[in-house]
Each structure stands twice: as C-alpha cells, then as structure tokens.
Amino acid sequence: MEAAAAMEADIDKDGSLDFEEYCGFIRNREEGEHTEEELRKRFNELDADGSGRIDMNEYLQWSL
C-alpha cells in the first residue's frame, strides 16, 4: 500500500481511513475477491491503537 494512494482513498479527508474507505482502497488496488472477514482482519492488524481508523503513523509502522 503506497502512502499517497492510501490517503487518496481518504474520502472524508480526515487524515485516516475508516473500514469502508480501506475496503474501497484494497478492492480498487488488488486483484481477486476479498471477503469482508479477510479485509476486517487486515484492517485490524493495521489499526494498532484500535481506534477504528488507520492513520498515517499506523500505516508507516506497517510499511517499514
């Protein structure tokens, strides 16, 4: 996940991705079928603070 592309998926421009924004981002960038369960698991792994949103700090920690 490229940081700039991830932030383009930030529809409400609050600086983070909620689950719906994250799902849209993944489904637009990755081929294949992605179940909601699979996406939820991946989202929760990125959402280190459990806020229900993936912010840039969480993304950068994951991408290192």
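These are my notebook entries on a predicted model of a protein, written as I looked things up.

**Entry 1: confidence**

I began with the confidence scores. The protein averages a pLDDT of 89, and 95% of the residues score at least 70. I then asked which element has the lowest mean pLDDT and which the highest. Helix α1 has the lowest, at 78, while α3 has the highest, at 96. I made a reminder for myself: where pLDDT is low, predicted coordinates should not be read in detail.

**Entry 2: helix α2**

Next I looked up helix α2, which covers residues 19-29. Which of its residues are buried? I found Phe 19, Glu 21, Tyr 22, Cys 23, Phe 25 and Ile 26. I also checked what these buried residues pack against, and the list is α1 (3-8), β1 (16-18), α3 (36-46) and β2 (53-55).

Then I turned to the N-terminal end of α2, which is capped by Asp 18. A side-chain oxygen of Asp 18 lies 3.1 Å from the backbone nitrogen of Glu 20.

**Entry 3: the nonpolar core**

I wanted to know how many residues the largest nonpolar core has. The count is 14, and the residues with the most contacts inside this core are Phe 19, Tyr 22, Phe 25, Ile 26, Leu 39, Phe 43 and Ile 54. Helices α1, α2 and α3 each supply at least two residues of the core. Helix α2 gives the most, with five residues.

**Entry 4: Phe 19 and its surroundings**

Phe 19 kept turning up, and I gave this residue an entry. I left aside its neighbours within four places in sequence and looked for contacts: Phe 19 touches Glu 36, Leu 39, Arg 40, Phe 43 and Gly 52.

I searched the whole structure for aromatic pairs and got two. One of them joins Phe 19 and Phe 43 in an edge-to-face arrangement, with 5.4 Å from centre to centre and 80° between the planes. Where do the two partners of this pair sit? Phe 19 is in helix α2 and Phe 43 is in helix α3, 24 residues apart, and the pair links distant parts of the chain. I also noted that Phe 19 and Phe 43 are both buried.

Arg 40 lies over the face of Phe 19, at 3.6 Å from the ring centre.

**Entry 5: Ser 16**

I moved on to strand β1, where Ser 16 has its place. Is Ser 16 buried or exposed? Its relative accessible area is 6%, so Ser 16 counts as buried.

Ser 16 and Arg 53 are 37 residues apart in sequence, yet 6.0 Å apart in space, C-alpha to C-alpha. Their side chains make a polar contact at 2.7 Å.

**Entry 6: Lys 13, in a loop**

Lys 13 is in the loop between α1 and β1. I worked out that Lys 13 counts as exposed because its relative accessibility is 60%, and the cut-off for exposed is over 50%. I also looked up its phi, which is positive at about 55° although Lys 13 is not a glycine. For background, I wrote down that most residues other than glycine have a negative phi.

**Entry 7: Glu 38**

Back in helix α3, I looked up Glu 38. This residue is partly exposed, with a relative accessible area of 32%. The side chain of Glu 38 makes a polar contact with the side chain of His 34, at 3.5 Å. I also took the C-alpha to C-alpha distance from Glu 38 to Ala 48, which is 17 Å for a gap of 10 residues in sequence.

**Entry 8: Asp 49**

My last stop was the loop between α3 and β2, where Asp 49 lies. What does Asp 49 touch, leaving out residues up to four places away in sequence? I found Asp 55 and Glu 58. The side chain of Asp 49 also makes a polar contact with the side chain of Ser 51, at 3.0 Å. Asp 49 and Leu 60 are 11 residues apart in sequence, and their C-alpha atoms are 14 Å apart in space.

Definitions and conventions: Residues numbered from 1 in each chain as written. Heavy atoms only, no water. Buried < 20%, exposed > 50% of the residue type's maximum accessible area, 1.4 Å probe, protein only. Helix = DSSP H or I, 4+ residues; strand = E, 2+ residues; numbered from the N terminus. Contact = heavy atoms within 4.5 Å. Polar contact = N/O pair within 3.5 Å; in protein donor to acceptor, adjacent residues only side chain to side chain. Core = buried A, V, L, I, M, F, W, Y, C linked by side-chain atoms within 4.5 Å. Phe/Tyr/Trp six-rings, centres within 6.5 Å; stacked < 30°, edge-to-face > 60°. Lys NZ or Arg CZ within 6 Å of the ring centre and 35° of its normal. pLDDT = per-residue confidence, 0-100.
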